[in-house]
Each structure stands twice: as structure tokens, then as C-alpha cells.
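Good morning, everyone, and thank you for making time for this. I would like to walk you slowly through one structure, so please have a look at it before I start.

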Amino acid sequence: MSGLAFRAVTHHFGRRIAVDTLDLEVAAGEVVCLLGPSGCGKTTTLRLAAGLETLQSGAILIDDAVVADAGGALPPEKRQIGLIFQDYALFPHLSVLDNVAFGLGRGHSVAEAQTALDKVGLGDRGRSFPHMLSGGEQQRVALARALAPRPRVMLMDEPFSGLDVRLRDKVRDETLALLASTGAAVLLVTHDPEEAMRMADRIALMRAGRVVQLGTPESLYNRPADAGAARFFAEANTIRARVGADGRVETPLGVLSGAGLAAGTAVEVLIRPHALRPVAAGEGVAARVARSRLLGADSLVEFHVDGAGAVVSARIAPPVLPAPGAEMCLSLDLGQCFVFEDRGDGPK
Ligand code: ATP
């Protein structure tokens, strides 16, 4: 397979396992995001692919050739990889053009570095020094430097986190377009679900060194593998219940399918705030507003619902901004509700 492959890669730091039997492939031209909470092993995976961390067990292949396994490892500069880190790692004492030329190594012409700068729209800034550029421009120099040698694999660790929110979307889109034009296999680390959904062809959701779910953004969001995966993508109301004799789960907010679980099984029902919709009086379930706030695109409305225990959060499109104490009726969008066996590891 052209691209990057991990085969049963395991990595320990002392007794702590950072990456646990990881199998993952990133095809040429594909963007795969490693997504997960802090400490789940994302950066270690990236560093192993880059050769910055010595492989302990398993194998790493690029374009079907082993670059690291028990028998040895190619050094980073021989792997034909491009690397972009959060801090861009530009040399402050080198001009922008020289920073890019550095990525090309000896024997390459200034013209090649200039072409790479042209591609990221900074062709006229070659003589500037990094401190004379904005954060977004520095990120583009880092991209030009990483892309100039035409890597087969691009490894990116939180490359947009230093940019302010408005600039970030623009730089992400430009970066994606440039990466697509190179045909490189891209592995991108992020802890931000929205960034992963924006950038990735496929997302590998990691927890404690393992990939707990791998698939398209759409499949991870709409068909999460477990309650932890569902919660990682979006906050959710949690209701504990049991599967009834008819295979369904009754909650104070509505009746759901028991997901094929046996009658009597304890379950966690996750209800995303967008799943709750106001309906006409007499339909759905009755709810009383505890508080409401306008958040911009949505109103966050908290309700008291008989039998639901804690307040239930809903996100409702403005102009609905009901006053505390108002009585409303709510229905459930079942596509945004999930039922999982209660293993006792969710929030109490
Ligand atoms: P973050 O999003 O915070 O960067 P991450 O998912 O990238 O986290 P890693 O940096 O890969 O996680 O770390 C995985 C685990 O390995 C963590 O428990 C971390 O403390 C540990 N770890 C990482 N690097 C080292 C190191 N050089 N020495 C010892 N432990 C390490």
C-alpha cells in the first residue's frame, strides 16, 4: 500500500504503556487524524512514524518498505517525511527563504525553495525573518519547508493550535488544499474533535494508547462505538435506565431502542443537547425551564423534567430564549440519542 502503515506497534515509557498494539494505515492522498484526550498516545505515535522515538515493538512501513522494526530503523531524514509541529520550529536567525531551503538539504537550488514559498502565497517574503511574519504566515513557511522536499508522508502535530480562531479556519482550508495537491499520506494529531472532523478523511479515536474507533467523521459522530466516544465528540445528557422486557428503554424524555441488549441490562442513555426540540403543547414530554442563555448560533436551555434527576440541557435555535419557569414540551430526535451498556465508567 502506498502511504504509511503501523503494524502492531507498542511503545512503553518505563512501565507506562503509551501506544498499545496499534494497527493503522494512511493511504497516499488521505488525511487521517489521530484524535483523543491528553496523554492517549497521539504524539508518541507521530514521533515513532517520524523516527524521533526508537521503535520498541511492531513495524512501520512507508510505501510498503519497512522503515522501522525489530531489525533496525531508518533515520528520520531518510524516511521522506515532512514534519510540522505546533511551534513551527523555524530558525529565527535564517531568512524565510533559507528556512525553506534548509528543509531541502544540500544540493538543491534556491529556485526550489522559492517555488515552495510561491505555493503557500509567500513568494515575496523570502528575505524577511520569521519574527517579521504573523503566526499564520509562519505556519505557511513551516508548511512550505515541510512540502518542498515532496515528502511521501506528512506528519503534523497540532499544527493550527497557535493560530487565533478566525485565522485558523482559513489556514486549515489552504493547508488541506495544498496537501491534497501533493498526494502525500497525512497523519495529523489533534485533541479538537471539530478540527478532526473538518480535516480528516478518517479519524482514529485513541484512548489509553489504543484506537477505540476508526472511520469517517460522519460514522464516528453518528455511530459512536461506546459512550466515551460519543461524549468525546459532543456533550450529552446521561440518563441511567434498564432495557425493558420488550427490548426498549423507557426514559423520562422518551422511549428508545435497547440497541439489541438483553432485557434487564443496565444502560446509559446519552442524549445530545441538539436532540431535544420544542414541540407544540400536548406533544412530547412536559418540561420547565430552569435557565437559558443565548450562545450565538444556539440558545442553551436547561430544563427540569419529571423523573430525569439533574437538569437536562438542550441547544435550541434562536429566537427561542424562554424565561426561567416557562413550561414547554420537548420531543427527541432519536438520531442524536445513543444507548450503551452501563459499565459503570461514565460520569455519575
Ligand atoms: P497531548 O495531547 O497532551 O500531547 P498525547 O495524546 O500526544 O497527549 P503522548 O505525548 O503520546 O500523548 O503521551 C502518551 C503517554 O506517554 C502519556 O502518559 C505521557 O505522560 C507519556 N510520555 C510521553 N512522552 C514521554 C517521555 N518522553 N517520557 C516518559 N513518558 C512519556
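Let me begin with two terms: strands (E, at least two residues) and helices (H or I, at least four residues) are DSSP runs, numbered from the N terminus, and two strands pair if DSSP finds at least two bridges between them. What you see is a predicted model, in which local features need pLDDT of at least 70 and side-chain atom pairs count only at pLDDT 80 or more, while totals for chains, interfaces and linings use all residues. Residues are numbered from 1 along each chain as its sequence is written, and side-chain values use heavy atoms, with hydrogens and water left out.

With those terms in hand, take strand 10, residues 202-207, and strand 11, residues 210-215, which pair in the antiparallel sense over five bridges. Within this pairing, A204 has L214 of strand 11 as its bridge partner. The two strands form a hairpin with two residues between them, and there A208 adopts a positive phi near 50°.

Now to the ligand. Which residues surround the ligand? They are F13, R16, A18, P37, S38, G39, C40, G41, K42, T43 and T44, where being near means that a heavy atom of the residue lies within 4 Å of the molecule. By type, this shell divides into four nonpolar, five polar and two charged residues; here Ala, Val, Leu, Ile, Met, Phe, Trp, Tyr, Cys and Pro count as nonpolar, Asp, Glu, Lys and Arg as charged, and the others, Gly among them, as polar. Strand 2 (16-27) and helix 1 (42-50) each supply at least two residues of the shell, and the largest share, three residues, comes from helix 1.

Looking at individual atoms, a polar side-chain atom of S38 lies 2.6 Å from an oxygen atom of the ligand, and an N or O atom in the side chain of T43 is 2.8 Å from a ligand oxygen. From G41, a backbone N or O atom lies 3.0 Å from an oxygen atom of the ligand.

Staying with helix 1, is it mostly covered or mostly open? It is mostly covered, with seven of its nine residues buried, that is, under 20% relative accessible area with a 1.4 Å probe and protein chains only. The buried residues are K42, T44, T45, L46, L48, A49 and A50. After helix 1 comes G51, whose phi is positive, near 90°.

Definitions and conventions:
A polar contact is a pair of N or O atoms within 3.5 Å; within protein, one must be able to donate a hydrogen and the other to accept it, and residues adjacent in sequence count only if both atoms are side-chain atoms. Buried means under 20% relative accessible area, exposed over 50%, partly exposed in between (1.4 Å probe, protein chains only).
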